[in-house]
Structures are given as C-alpha cells and as structure tokens.
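Here is a short briefing on one protein chain. Keep the sequence and the 3D view open while you read.

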Amino acid sequence: MITTDRLLLRPHTIEDMDAHVAMHAEPEVYRFLAGRPSTREETWLRLLRFVGHWTSFDYGLFAVVDRSTGKLIGDTGLAHFCRELGPDFDPYPETAWIFSASVHGNGVAFEAASAAHAWFEAKTGKREAVAIINPDNAASLRLAGKLGYEAFGRATYKEHDVTMLRRMP
C-alpha cells in the first residue's frame, strides 16, 4: 500500500466491484474510452484482470481511495495489457489511470500516478513505460507529459485512434 497526503493506493479486491460499476457509468469517465458505459460483465472482467496482475507480476493497477472518505475514486499503476500494438509498445509496462469525475481537475490523478510510478520504479528498477491515450483527451495527455511521457506514434486500438506515448529510462 502507498499513502499520500490525500490518498491510499492499494491492490484491488473483488469488493471494489460496485464502486467500479458506478465510476465507469459516469459520462465524463467513459467518454474517452469506449464511448459508452462499461457493462457489469466488462467491469467484472477488468477487475479480475487487475487482481490477476498482482498475483502474476507482484504489481499492477492500484485502487485509489480517498483517505478522508474511504471511497474508491480511481485506478492507476502499471501493468501488461498485451494490446498487440507492436515491438515499440508491447514489451514495456503500460501505465493507466482513470478517475471519478468528482475528482477531475484537483491534482488527484497526478498525486496518485506519481506515487504509483515512484513505487514501480523502486520495486522493479524500471522507468521506461508506455501508454495509449485518446488524442482528444487533453487532460490525460497533460498528465502524461507531467509524468515524463512523450508521444511517439499513433495507432488504432479497438477501432479507436490512440496516441502512443513512452517514458524513457
């Protein structure tokens, strides 16, 4: 677990399901993803993937919890998603983040993602990582830049254009 001034980052548990369903139903959360809310089944499979990363790799995406309320407000961390985007992308750990609209714009994503990156680098000794972001998602592109990511290409993933980014060692 990681503690910051406002947040607790911890591995996901099955008990996070209802909070994830609610978060992925928020229009501001899903608008740059699939363009529609996740179904309960999709959310369940995503949650199982998050739990499985910790079991298989001893790292993965963290559940981000607001320390003052105990409420799950997002996810961030690094994982292997096997996206088949090519040799410049696939071999590297991939960062990801998603946060409830209730915390957009207040620095929570940077606080959480910075802590997750520092933890990952200390644990694995690896700094280089990749990300994909919808090119219209200006807030996520700004966050990636603050974390040291730079665009290096474009791709199509699940019928959506994405910008590929890399954080160098």
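Phe 99 touches Met 23, Val 29, Val 64, Ile 73, Gly 74, Asp 75, Thr 76, His 104, Val 108, Ala 109 and Ala 112, leaving aside residues up to four places away in sequence. The model is predicted.

**Nonpolar cores**

- The largest nonpolar core has 26 residues.
- Phe 99 is among the residues that touch the most other members, together with Leu 7, Leu 9, Val 64, Trp 97 and Tyr 149.
- The elements giving two or more residues to this core are β2, β3, β4, β5 (94–99), α4, β6 and α5 (138–146).
- Helix α4 gives the most, with 6 residues.
- There is also a second, separate core of 8 residues. Phe 89, Ile 132, Tyr 157 and Met 164 are included in this second core.

**Helix α3**

- Helix α3 covers residues 40–57 and has 18 residues. From its first C-alpha to its last it reaches 26 Å, close to the 26 Å expected at 1.5 Å a residue.
- Which residues of α3 are buried? They are Thr 43, Arg 46, Leu 47, Phe 50, His 53 and Trp 54.
- These residues lie on the same side of α3, because they cover an arc of only 110 degrees around the axis.
- An α-helix has 3.6 residues a turn, so residues three or four places apart point the same way.
- The buried residues of α3 pack against β2 (7–11), α1 (17–24), β3 (61–66), β4 (72–79) and α4 (108–124).
- Glu 41, Thr 55 and Ser 56 are exposed, on the face turned away from the buried side of α3.

**Strand β6**

- β6 runs antiparallel to strand β8 (residues 160–167), and 5 bridges join the two.
- Ala 129 has Arg 167 of β8 as its bridge partner.

- Glu 111 sits in helix α4.
- Is Glu 111 buried or exposed? Its relative accessibility is 16%, so Glu 111 counts as buried, the cut-off being under 20%.
- The side chain of Glu 111 makes a polar contact with the side chain of Arg 6, at 2.7 Å.
- Beyond residues up to four places away in sequence, Glu 111 touches Thr 4, Asp 5, Arg 6 and Leu 7.
- Leu 7 is also one of the residues that touch the most other members of the largest core.

**The loop between β7 and β8**

- Most residues other than glycine have a negative phi.
- Lys 158 is not a glycine, yet has a positive phi of about 50 degrees. Lys 158 is placed in the loop between β7 (149–157) and β8.
- Glu 159 has a phi near 65 degrees, again a positive value in a residue other than glycine. Glu 159 is placed in the loop between β7 and β8.
- Lys 158 counts as exposed because its relative accessibility is 63%, the cut-off being over 50%.
- Glu 159 is exposed, with a relative accessible area of 78%.

Technical notes. Residues numbered from 1 in each chain as written. Predicted model: local features only at pLDDT ≥ 70, side-chain atom pairs only at ≥ 80, totals over all residues. Heavy atoms only, no water. Pairing = 2+ DSSP bridges. Helix = DSSP H or I, 4+ residues; strand = E, 2+ residues; numbered from the N terminus. Expected span 1.5 Å × (residues − 1). Buried < 20%, exposed > 50% of the residue type's maximum accessible area, 1.4 Å probe, protein only. Arc of directions from axis to C-beta. Contact = heavy atoms within 4.5 Å. Polar contact = N/O pair within 3.5 Å; in protein donor to acceptor, adjacent residues only side chain to side chain. Core = buried A, V, L, I, M, F, W, Y, C linked by side-chain atoms within 4.5 Å.
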